[in-house]
Amino acid sequence: MTDDPDYTAAEVDAAVAALQDPERFRHAQDVVVHAAPGLQRVLNAALEEGGWFGEAHEQQVMRAATTEDPAERVAALRTLLAEETRLGMLVGVAVGFELARELAARRATIDPK
């Protein structure tokens with residue numbers, strides 16, 4: 001069991017709105033740019049372990065790529081890209097939450113108040 005609080009929808013909405021402030025978001029961008037190679041490895045591992053890029057994914061890629069009708073092929077590729085983008089974003093947010101918890105825990109052990 002963790003000491004992490006549960007967040008209300010209003011708290012999450014307020015936090016997301018705060019990220020729209022360019023100055024507040026700038027630090028987050030700097031942190032992510034610095035951590036990008038490691039975060040990419042974590043994201044890739046999470047996607048792989050979750051089975052999101054296994055045989056089923058390859059089947060979807062082949063189905064989209066080999067669709068004979070050009071308009072249907074483009075639509076299938078767009079759908080596949082959109083689904084992968086959403087999935088990557090969702091897993092990335094989960095990784096971000098865990099990164100924030102890890103940073104907070106490390107800070108607490110280094111500088112307990």
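The legends below describe close-up views of a predicted model.

**View 1. Confidence along the protein chain of the predicted model.** The mean pLDDT of the protein chain is 85, and 95% of the residues reach at least 70. Among the elements of the protein chain, α3 has the highest mean pLDDT, at 89, and α2 the lowest, at 84. Where pLDDT is low, predicted coordinates should not be read in detail.

**View 2. Helix α3 against helix α4.** Two packed helices are described by the angle and the distance between their axes. Helix α3 covers residues 55–66 and helix α4 covers residues 70–110. Their axes come within 8 Å and cross at roughly 150°. Angles over 145 degrees count as roughly antiparallel, so α3 is roughly antiparallel to α4.

**View 3. Residues in the contact of α3 with α4.** From α3, the contact is made by His57, Gln60, Val61, Arg63, Ala64 and Ala65. On the side of α4, Arg73, Ala76, Leu77, Leu80 and Glu84 take part. By class, six residues of this contact are nonpolar, two are polar and three are charged.

**View 4. The largest pocket.** Rolling a probe the size of a water molecule over the atoms shows where empty space is left. The largest pocket holds about 1500 Å³ of space. Helices α1 (9–18), α2 (22–49) and α4 each give two or more residues to its lining.

**View 5. Lining of the largest pocket.** The lining consists of 30 residues. Nearest the centre of the pocket lie Leu19, Ala28, Gly96, Phe97 and Ala100. The lining divides into 20 nonpolar, five polar and five charged residues.

Technical notes
Residues numbered from 1 in each chain as written. Predicted model: local features only at pLDDT ≥ 70, side-chain atom pairs only at ≥ 80, totals over all residues. Heavy atoms only, no water. Axes fitted to C-alpha atoms, helices over the stretch in contact; angles between N-to-C directions. Helix = DSSP H or I, 4+ residues; strand = E, 2+ residues; numbered from the N terminus. Parallel < 35°, antiparallel > 145°, perpendicular 65-115°, else oblique. Contact = heavy atoms within 4.5 Å. Nonpolar A, V, L, I, M, F, W, Y, C, P; charged D, E, K, R; others polar. 1 Å grid on protein atoms, 1.4 Å probe; cavity = no way out; pocket = protein on both sides within 12 Å on 5 of 7 lines; lining within 4 Å. Points joined across faces, edges and corners; volume = space filled by probe spheres on them. pLDDT = per-residue confidence, 0-100.
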